[in-house]
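Hi,

Here is the structure I said I would pass on.

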Amino acid sequence: MNQFLFDQQLAAMKVDRSGWLHERSLAIELMEARAKRVADWRFENGLSNMGWPGEGGSPVSTGR
């Protein structure tokens, strides 16, 4: 999982730093595919697609 998240972060940085439209498009496609894999995994394991597993409240910080 750590490698997966690392690769996802690299893809995000490539989107931000790509100078060419084609490079950005490829990086965005990779990010979208990885996000779908995570969402599918969470669904298959009965987890919400929002916040951290086991978190009772909203994924938005309450300032506590």
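Below is what turned up, starting with the helix pair and ending with the charged side chains.

A word on the ground rules: this is a predicted model, in which local features need pLDDT of at least 70, side-chain atom pairs count only at pLDDT 80 or more, and totals for chains, interfaces and linings use all residues. Residues are numbered from 1 along each chain as its sequence is written, and side-chain values use heavy atoms, with hydrogens and water left out.

Helix α1 covers residues 2-17 and helix α2 residues 21-44 (helices are DSSP runs of H or I, at least four residues, numbered from the N terminus). Their axes come within 8 Å and cross at roughly 150 degrees (lines fitted to C-alpha atoms over the stretch in contact, with angles from 0 to 180 degrees between N-to-C directions). That makes α1 and α2 roughly antiparallel, the label for angles over 145 degrees. On the α1 side the contact (heavy atoms within 4.5 Å) is made by F4, D7, Q8, A11, A12, K14 and V15. The α2 side includes R24, M31, R34 and V38.

R34 is the one I'd look at. This α2 residue counts as buried because its relative accessibility is 17% (buried is under 20%, exposed over 50%, partly exposed in between, with a 1.4 Å probe and protein chains only). Leaving aside residues up to four places away in sequence, R34 touches F4, D7, Q8 and A11. R34 and A11 lie 23 residues apart in sequence, with 9.6 Å between their C-alpha atoms.

So what about its charge? R34 has no salt bridge, and D7, the nearest side chain of opposite charge, is 4.5 Å away (Lys and Arg count as positive, Asp and Glu as negative; His and the chain ends are not counted). A salt bridge here needs a side-chain nitrogen of Lys or Arg within 4 Å of a carboxyl oxygen of Asp or Glu.

The whole structure has one salt bridge. D40 and K36 pair up in a salt bridge at 2.8 Å, N to O; they sit four residues apart in α2, so about one helical turn separates them. D40 is partly exposed, at 31% relative accessibility.

Cheers

Technical notes: Helix = DSSP H or I, 4+ residues; strand = E, 2+ residues; numbered from the N terminus. Parallel < 35°, antiparallel > 145°, perpendicular 65-115°, else oblique.
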